[in-house]
Amino acid sequence: MRMSKSSLQVGELAAGQALDIPVYRLQPEANTGPSVYIQANVHGAEVQGNAVIFQLMKLLENYRLLGEITLVPLANPLGINQKSGEFTLGRFDPITGNNWNREYLDSAIELPHWYAEHARLDDVGIIQAYRSALVESCQQRLSNAWGITTGHRLAVNLQSMAHRADIVLDLHTGPKSCKHLYCPEYEVSAAQYFSIPYTLVIPNSFGGAMDEAAFCPWWRLSEYAASQGRDLGVAVSAFTLELASQERIDLADAEHDARGILAYLSHRGVIAESVRPAAMARYGCYLRNYKKFHAPKAGLVEYVAEVGEPLKAGEHLVNLLRLDHYGTEEALTRISLPVDCVPILHFASASVHQGTELYKVMTEVFPLDP
């Protein structure tokens, strides 16, 4: 295995300094396996993915690599450096207000016309041609004569690298969160390899995130080819791994998650050796059953329900404290939910406005069978 490091410029600051990100490439002696792209820290406070990349690189030193792996830690220098006091604010582009992870390009390839031009190719050839078209669409976007926003430029530069891979992993964390995986419907069986207890099964549609930007074009190609009597399958797999809470580095936990990624890469033939997934219970929930609970009124919140722990209907979720109503029934409100659920994440602050999203919970949870 050979490792190389380079820098990619993803923008410029107002004073002219270049915004560069580090890019590591691990190359096998003989490239016979799928290629992989892994990025972390698109949101500024979500730093644990960097530790997972570090631990994965250390682990890979002991395995025989069959496919090329591109690793991009510290993927968003603007967001990472967007600090206010002791807190990192880098979830939203401060210029536009857009979520950094909703800036990716929805490919505009017109499939009936494109497919008609390339249908004569064999399966390998048509996949190569489609991959080239996706990369070219990113390059055209970056060179748009009217220019593009700072956040979109960052995202499309990252996406251009991701489109060159067969497997795309985007590493994130929540505010106060348990580990969970975003997995497309067509590949839910992949969840059994990652060391993550809860999986959100997402529809095969584009919502602006990296995982969707990576797999949705290939899902569309697969569907269109099937309508023409050809079984191409979905050539690219893409997942978002939510690695617990933000503003936190835990190297031991990062090694645990890196081993889960290694188990998936082993399953896919990216490494020669067999790596067994962690023995653990895994559960799923369809995205339509992933519910948000908003503060019914303003106040100070005690988050009672533990993330990752099943909660029965009527059990204690939060306490809402209103000192301006001391001496009345409004001073302390005990709140529960009317359905069984699993709290997955909650808001980081104890001081909230009315309508603040306090919890996200999985409902209608089901076991994922290996």
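**Close-up 1. Strand 19 gives the largest pocket the largest share of its lining.** Four lining residues come from strand 19, where a strand is a DSSP run of E of at least two residues and a helix a run of H or I of at least four, numbered from the N terminus. This is a predicted model, in which local features need pLDDT of at least 70 and side-chain atom pairs count only at pLDDT 80 or more, while totals for chains, interfaces and linings use all residues. Residues are numbered from 1 along each chain as its sequence is written, and side-chain values use heavy atoms, with hydrogens and water left out. Other elements that each supply at least two lining residues include strand 7 (167-174), helix 6 (210-227) and strand 11 (237-245).

Close-up 2. A pocket is an open set of points on a 1 Å grid over the protein atoms alone, where a 1.4 Å probe fits, with protein on both sides within 12 Å along at least five of seven lines; lining residues have an atom within 4 Å of a point. The volume, the space filled by probe spheres set on the points, is about 1,200 Å³. Of the 41 lining residues, Glu-46, Arg-91, Gly-174, Pro-175 and Lys-360 lie nearest the centre. The lining divides into 15 nonpolar, 15 polar and 11 charged residues; Asp, Glu, Lys and Arg count as charged, and Gly is among the polar ones.

Close-up 3. Four strands run in the order 8-17-19-13 with antiparallel pairing; two strands pair if DSSP finds at least two bridges between them. Strand 8 (176-177) and strand 13 (290-294) are at the edges with a single partner strand each, so one side of each has no neighbour in the sheet. Strand 17 (residues 342-346) and strand 19 (residues 357-362) are joined by four bridges, and Leu-345 has Lys-360 as its bridge partner.

**Close-up 4. Now look at the second largest pocket.** About 190 Å³ of space lies here. Its lining includes Gln-192, Tyr-193, Arg-276, Met-280 and Asp-369. Eight of the lining residues are nonpolar, one is polar and three are charged.

Close-up 5. For Cys-138, the nearest cysteine sulfur is that of Cys-216, 14 Å away. Cys-138 is buried, at 0% relative accessibility, where buried means under 20% relative accessible area (1.4 Å probe, protein chains only). Cys-216 is buried too, at 1%, and its sulfur is 13 Å from the closest one, in Cys-183, which is too far for a bond.

Notes. Disulfide = S-S within 2.5 Å. Buried < 20%, exposed > 50% of the residue type's maximum accessible area, 1.4 Å probe, protein only.
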